[in-house]
Amino acid sequence: MSTQVPTTAGGRLVVPGTVHAAAFLGYLLAGGLLVQTATLERMIESGLLDADDWDGVQPIVLTLAVPMLAAAVALHWGLRPARLVLAVSGWLLAGFLAVLTLGILGRPSVPATVPLSIVANAVAAVVMARLPYGQQADDYLKGHGRARAEVRAARPDGLAAPGGVRLVAGCVGVAALVGVVATVDLVVNANGSPLPPLAIACMAVALVRGLLRGRLWARAYSVIVFASALAGGLITLIGLWRASIPEEGFLASAPPDVGPAVTVTLLVMAVAAVLLYTLAWKERSTAFFDEGW
């Protein structure tokens, strides 16, 4: 198997959107698993979760997350062996998460939304494992496809992004503004680390620039973000529904009012669905990114 970065006589090849998406999913899954493992350990230590429910989870997650992260980086650079490593780690992760979900279902110490979140991660792992085996990704890893220099030369000067792409970029820009405001607030009031909102703001600014310039990586990452927002919204709605069910018993407290939270969640999901459709399936947006790199 070749370990050379795919190139042609015209220079480096354009990285297909499916390769970008697979690599980004690898970053998000591996990073998310590492963060969740640390959070899980703290929750067990504080008594919020039963250690017996999660026995042996951390070592397995670490064993899968580290090679997945390395393979995602290598795949982004077009190294063919990385595709197999990413696929194997993705399928193994999906299988492990499926077994974990079956093991914790129905346990009173496990919140209802936890199995749903695990299933969502398993689905993302399967998608990540399959994406690098599409036709575009296969051609790219074999050294076939369009050279970046050729695409840049053929792209009309001053080509403006269509209205749908500008709408998406504007919404992402709002996230950047929120990140900046949160960063300033944390710095001024010293309420916590400003790094997470600052990172979100920087990533959002980069996404806005990438979307308006027709960069395939920006489209792939944005599609993942909006799809994740829909999945997260669905999980949130199910959790709110479970919270709204009255408890049984004479001393049971009244269920909380979840109406405002449901409204906000549905609104966020509606916005994410519109942006996802605009970016992934609208014809003018697709044609715009087909001319990008």
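**Aromatic pairs and a helix crossing**

Tutor: Start with Phe289 in this predicted model: its relative accessible area is 0%, so Phe289 is buried. Phe288 is buried too, at 4%.

Student: How many aromatic pairs does the structure hold, and how is such a pair read?

Tutor: A pair of aromatic rings is described by how far apart the centres lie and by the angle of the planes. The structure holds three aromatic pairs. For Phe24 and Tyr27 the ring centres are 6.0 Å apart and the planes stand at 70°; over 60 counts as edge-to-face, so this pair is edge-to-face. Phe288 and Phe289 also form an edge-to-face pair, because their planes are at 75°, with centres 5.3 Å apart.

Student: Where do Phe24 and Tyr27 sit in helix α1, and are they buried or exposed?

Tutor: They are three residues apart in α1, which means a separation of about one helical turn. Phe24 has 9% relative accessibility and therefore counts as buried, whereas Tyr27, at 25%, counts as partly exposed.

Student: At roughly what angle do the axes of α1 and α9 cross?

Tutor: The axes of α1 (residues 17–45) and α9 (residues 216–244) cross at roughly 50° and come within 8 Å. That angle makes α1 oblique to α9. The crossing is right-handed.

Definitions and conventions
Residues numbered from 1 in each chain as written. Predicted model: local features only at pLDDT ≥ 70, side-chain atom pairs only at ≥ 80, totals over all residues. Heavy atoms only, no water. Axes fitted to C-alpha atoms, helices over the stretch in contact; angles between N-to-C directions. Helix = DSSP H or I, 4+ residues; strand = E, 2+ residues; numbered from the N terminus. Parallel < 35°, antiparallel > 145°, perpendicular 65-115°, else oblique. Left-handed = near helix turned anticlockwise from the far one by under 90°. Phe/Tyr/Trp six-rings, centres within 6.5 Å; stacked < 30°, edge-to-face > 60°. Buried < 20%, exposed > 50% of the residue type's maximum accessible area, 1.4 Å probe, protein only.
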